[in-house]
Amino acid sequence: MKVIVTGGAGFIGANFLNQLVPALPEHHFVNVDKLTYAANLGSLQAIDSLPNYDLRRVDITDRDAVDAVFEEFDPDLVVHFAAESHVDRSILGPREFIRTNIEGTFNLLEACRSRWSRDDSRLFHHVSTDEVYGSLGDTGLFEETTAYDPSSPYSASKAASDHIVRAYHRTYGLPIKITNCSNNYGPMQFPEKLIPLMILNALERKALPIYGQGLNVRDWLYVTDHCDAIWTVIQKGSVGRTYNIGGNNEMRNIDVVDTLCKIVAEETGVDPGELLGLKQFVTDRPGHDLRYAIDATRIKEECGWEPKETFDTGIRKTVQWYLSNQDWVSDVRSGDYRKWMDLNYGDRTG
Ligand code: NAD
Ligand code: TYD
């Protein structure tokens, strides 16, 4: 089988390729990635010389480039991760989110439609987020039937792309599946996101910026569990159907940060109090969703998937990964990253 994986140099895509490329030598994987700031080729070192792996530097907003890569590889399966993925960046500059997440997805769908509408031996698998459902109050869970109600330019662009993917199934018979997953954490996540940012700031004894009062709740899933879930849905899910993926692990941000301080302290032999003292409450994110939580009954009952990692096991592995991969860390924390930190946190902490 020939598989195009878009965004395979980003956090989740790279974990997905690292799991599958060595395990499935009979499949050929092509990573289609623009290599934005969020990509890191260092994340693909273990697989980049394997014979069943190729990389093509393609911007999915470039229709001709997308067509050319489909002509070259004629994929049976497209697993679509590529996106602008960070909520705070979408607030400060939404244009790239509209282009990549909506127009880029549209270009991929058009490439599929012109080649294999109604051919159920093929599949377009769209990787999406639970943020499309908006915010929960103190109770309740997102189900696959929950109405879309996105809050940020990021989640609105992902919601739009989900709708277009579903429309291609209903209108053109394109074989698609969609997964909507909660917050991921684990190795190789770009340190603009909460968990790696806090680990690395704690290691450097920098302030740990907590938005608002730290009372917002997220459901955290270890990244390899998400990758397993996607592959399971590709194998066992029904065409045209949506599956929610979650870790059954809701936590307030403040509790995530406290846990991280304790584990980083344990792993590095320092006093936890020193790291806990770095916490700093800063101006809240505009439109900050209060709570995300997933009802993952459908994927469990129809596909037999459940997460393997608990937060305790996953978060320790994550801290250990960042501690033992300092080269990867210094690669991503270069000039552009510093500019981002000044832009995003400059006004909040003053
Ligand atoms: P990421 O930001 O780490 O990586 C995104 C990748 O897409 C990068 O390699 C980047 O170079 C590539 N890319 C961006 N724009 C592109 C373009 N125009 N053309 C081609 N490639 C482009 O993102 P991630 O955290 O790995 O998320 C992957 C997918 O999973 C996204 O669709 C995201 O919405 C979804 N998702 C993420 C999470 C999470 O917690 N990170 C949770 C649920 C769903
Ligand atoms: P993030 O990792 O950006 O994921 P998302 O916004 O997609 O859920 O943020 C997770 C939570 O952590 C979210 O409630 C915002 C909060 N947060 C902070 O409190 N401080 C930070 O510096 C960051 C990046 C996030």
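Q: Which residues come nearest to ligand 1?
A: This is a predicted model, so take the contacts as computed ones. There are 28 residues around ligand 1. Those that come nearest are I12, D33, S85, Y154 and K158.

Q: How far is a polar side-chain atom of D33 from an oxygen atom of ligand 1?
A: D33 is one of the residues that come nearest to ligand 1. A pair of N or O atoms counts as a polar contact within 3.5 Å. The D33 side chain puts a polar atom next to a ligand 1 oxygen atom, and the distance is 2.6 Å.

Q: Which residue has a polar side-chain atom 2.5 Å from an oxygen atom of ligand 2?
A: A backbone N or O atom of Y211 sits 2.9 Å from a ligand 2 oxygen atom. R218 uses a polar side-chain atom, at 2.8 Å from a ligand 2 oxygen atom. The side-chain atom at 2.5 Å comes from R285.

Q: Is α4 roughly parallel or roughly antiparallel to α5?
A: Helix α4 covers residues 95-116 and helix α5 covers residues 153-172, with their axes 8 Å apart. They pack at an angle of about 15 degrees. Angles under 35 degrees count as roughly parallel, so α4 and α5 are roughly parallel.

Q: How many charged residues are in the contact of α4 with α5?
A: α4 passes α5 in a right-handed crossing. Among the residues making the contact are E110 and R113 of α4 and K158 of α5. The contact divides into 11 nonpolar, four polar and, for charged, three.

Q: How does α2 lie relative to α4, oblique or roughly parallel?
A: Helix α2 spans residues 63-73, and its axis is 9 Å from that of α4. The two helices pack at about 45 degrees. Roughly parallel needs an angle under 35 degrees, so α2 against α4 is oblique.

Q: How many nonpolar residues are in the contact of α2 with α4?
A: From α2 come R63, V66, D67, F70 and E71, which meet N107, L108, A111, C112 and R115 in α4. Sorting them gives four charged, one polar and, for nonpolar, five.

Q: What hand does the crossing of α6 and α11 have, left or right?
A: Helix α6 is residues 194-203 and helix α11 is residues 311-324; their axes are 11 Å apart and the packing angle is about 50 degrees. That makes α6 oblique to α11. As for its hand, the crossing is right-handed.

Conventions
Residues numbered from 1 in each chain as written. Chains lettered and ligands numbered in written order. Predicted model: local features only at pLDDT ≥ 70, side-chain atom pairs only at ≥ 80, totals over all residues. Heavy atoms only, no water. Axes fitted to C-alpha atoms, helices over the stretch in contact; angles between N-to-C directions. Helix = DSSP H or I, 4+ residues; strand = E, 2+ residues; numbered from the N terminus. Parallel < 35°, antiparallel > 145°, perpendicular 65-115°, else oblique. Left-handed = near helix turned anticlockwise from the far one by under 90°. Near = heavy atom within 4 Å. Polar contact = N/O pair within 3.5 Å; in protein donor to acceptor, adjacent residues only side chain to side chain. Contact = heavy atoms within 4.5 Å. Nonpolar A, V, L, I, M, F, W, Y, C, P; charged D, E, K, R; others polar.
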